[in-house]
Amino acid sequence: MSKPNPIQTLRARADAFWQVRTAQERKLLGIGGMVVGAALFYSLLVDPALSGREQLHQQLPQLHQQAAEMQLMAREAQALKGQNNIAPTPMTRENLNAGLAARGLAPQSVNVTGEYAKLAFSGAQYAGVVAWLDAIRTESRINVVDASFTAQSEAGVVNGTLTLRQGAR
């Protein structure tokens, strides 16, 4: 014997419920169903659209003002884009040594020639060297031209040489 389909069972129960009702009850249930359906339609679809439209209508002047301010700032940023009036600190042996000392690094040698500098490290913390390089890149526009590191037996410790150039792109 096969199982009855749940949808068919539900439909049969609804038909039985409907057949027991009088014509006046059927009419009232139909009108009540339409009222509930209309209320659901309004509350789920119409009211959110109307209230959202009204909210956007109220915010529109403020949004126009913000857009105008953003366009003004974009024009200012474009005008200031190429301007950089602050010249970086010139690369000197003293500046390099001071920056290294601030990060607890002691190079074996520091040679500065014009816009180039050559540094040699022995037993330096790699993370400290990288942090120092990032700092001088942003602060003094000093870039790495050549780097060579050799890992040591202790984790994070390296020997290495660096060639730096100020103003290199």
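**Sheet and Gln166 briefing**

Strand β2 (residues 116–125) and strand β4 (residues 157–166) run antiparallel and are joined by eight bridges; strands here are DSSP runs of E, at least two residues long, and helices are runs of H or I of at least four residues, both numbered from the N terminus. The model is predicted, with local features needing pLDDT of at least 70 and side-chain atom pairs counting only at pLDDT 80 or more, while totals for chains, interfaces and linings use all residues. Residues are numbered from 1 along each chain as its sequence is written, and side-chain values use heavy atoms, leaving out hydrogens and water.

**The sheet**
- Four strands form an open sheet in the order β1-β2-β4-β3 with antiparallel pairing, where two strands pair if DSSP finds at least two bridges between them.
- At the edges are β1 (109–113) and β3 (142–151), each of which pairs on one side only.
- From one strand to the next, the twist averages 15°, with axes fitted to C-alpha atoms, for helices over the stretch in contact, and angles running from 0 to 180 degrees between N-to-C directions.
- Helix α3 (residues 93–102) packs on the sheet, where it touches β1, β2 and β3, and its direction makes about 145° with that of β1; contact means heavy atoms within 4.5 Å.
- Ala120 stands opposite Thr161 in β4.

**Gln166**
- Gln166 is found in strand β4 and counts as buried because its relative accessibility is 15%, the limit for buried being under 20% relative accessible area with a 1.4 Å probe and protein chains only.
- A polar atom of the Gln166 side chain lies 2.9 Å from the backbone oxygen of Ser140.
- Not counting residues up to four places away in sequence, Gln166 touches Pro88, Thr89, Pro90, Met91, Glu115, Ser140, Arg141 and Ile142.

Terms used:
Buried means under 20% relative accessible area, exposed over 50%, partly exposed in between (1.4 Å probe, protein chains only). A polar contact is a pair of N or O atoms within 3.5 Å; within protein, one must be able to donate a hydrogen and the other to accept it, and residues adjacent in sequence count only if both atoms are side-chain atoms.
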